[in-house]
Amino acid sequence: MTNAAETAATDELLFSVDEGGIARITLNRPQARNALTFAMYRGLVELCGRIEEDRAIKAVIIAGAGDKAFAAGTDIAQFRSFDKPEDALGYERFMDRVLGSLERLRVPTIAAIAGACTGGGAAIAAACDMRIASRDARFGIPIARTLGNCLSQNTLRRLANLIGAPRVKDILFTARLVGAEEALAIGLVNEMVEDAAAVAERATALATLLASHAPLTLQATKEGLRRIGEEGVPETGADERPGDDLIVMTYMSEDFREGMEAFLAKRPPAFKGR
């Protein structure tokens, strides 16, 4: 297992794994409301690769340092050098890679959100599987009144899959920030708790619960839903259908056998992710 004291290459992106297999990624620029630099985005991709390779990791929590912001988007100063179409296209393709790396992780991811969650921060939260927010959390991508750019198709897809295209239009067109209570009501977050401390506590409890469940079941569920979100529900009738590989992966696993035997013996199963 990764050393619990190990951190990422940059102090602006912290990484650790505890003895229970819970990985923690902390966006660590509290003086800038955890606005992300390109180096931090690259670090996220690298960490996703490390998490994929470490089979001892069972769940991931992503949080922002401090209690003022999860992340206030991309550091705007980095856009000043954009002067040709390739700059814009390259950036959005880069962001698709970053967010796709999070979305495709085999283990469940939890965004622990306190304070502002805007721009790129909101995109990261949307790429996670579950979101827990403090009561003072605010969500939005107010580019219509700030930068004047747009989101990639993949980012729009993730948001639409969460809350539906009409609500995405409302939030993006009006460029408003959504409060935690509204975010909970429309399904943008899964839970709302009182403050940053409660967010951290609840995220740890949820990650611990998920880490105790069958890893292959969680992985297959994540990947199946991701495929449906991208491709829609496949037509029936074909001999080989999308998702067959996920069915075989789980039903033919050691964990499935262990689950059956444990159920029949009336004991807790010992899942190993194999």
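This is a predicted model: local features need pLDDT of at least 70, side-chain atom pairs count only at pLDDT 80 or more; totals for chains, interfaces and linings use all residues.

Me: What makes a space a cavity and not a pocket?

Reply: A cavity is a set of points where a 1.4 Å probe fits but cannot get out, whereas a pocket is an open set. The largest cavity holds about 140 Å³ of space. It has 14 lining residues, and A122, I141, L159, I171 and L188 are the closest to its centre.

Me: Which elements each supply at least two residues of that lining?

Reply: Those are α3 (120–127), β8 (138–140), α4 (153–163) and α5 (165–174).

Me: And how do the residues of that lining divide by class?

Reply: Twelve are nonpolar, one is polar and one is charged. Ala, Ile and Leu count as nonpolar, and those are the kinds of residue found closest to the centre: A122, I141, L159, I171 and L188.

Me: Let's turn to the sheet. What is the order of its strands?

Reply: The order is β1-β2-β3-β5-β7-β10, in an open sheet of six strands with mixed pairing.

Me: Why are β1 and β10 said to stand at the edges?

Reply: β1 (13–17) and β10 (191–193) each have a single partner strand, so one side of each has no neighbour in the sheet. On average, neighbouring strands here are turned by 20° against each other, direction ignored.

Me: How do you know that β3 and β5 pair?

Reply: Pairing takes at least two bridges between two strands. Four bridges join β3 (residues 59–64) to β5 (residues 109–113), and the two run parallel. With four bridges against a cut-off of two, they count as a pair. As an example, V60 has T109 in β5 as its bridge partner.

Me: What packs on the sheet?

Reply: Helix α1 (residues 38–53) does, touching β1, β2 (22–27) and β3. The direction of α1 makes about 15° with that of β1.

Me: How about the largest pocket: what is its volume, and what lines it?

Reply: About 580 Å³ of space lies in the largest pocket. Its lining has 20 residues, with C128, D129, K222, L225 and R226 nearest the centre. Two or more lining residues come from each of α3, β7 (130–134), α4 and α8 (215–231). The largest share, six residues, is from α8. By class, the lining has nine nonpolar, four polar and seven charged residues.

Me: And the second largest pocket: which residues lie nearest its centre?

Reply: T74, G119, G120, I141 and I143 do, out of 23 lining residues. The second largest pocket has a volume of about 340 Å³. Its largest share of lining residues, four, comes from α2. The lining divides into 14 nonpolar, eight polar and one charged.

How values were computed. Residues are numbered from 1 along each chain as its sequence is written. Side-chain values use heavy atoms; hydrogens and water are left out. On a 1 Å grid over the protein atoms alone, a cavity is a set of points where a 1.4 Å probe fits but cannot get out, and a pocket is an open set with protein on both sides within 12 Å along at least five of seven lines; lining residues have an atom within 4 Å of a point. Grid points are joined across faces, edges and corners, and a volume is the space filled by probe spheres set on the points. Axes are lines fitted to C-alpha atoms, for helices over the stretch in contact, and angles run from 0 to 180 degrees between N-to-C directions. Contact means heavy atoms within 4.5 Å.
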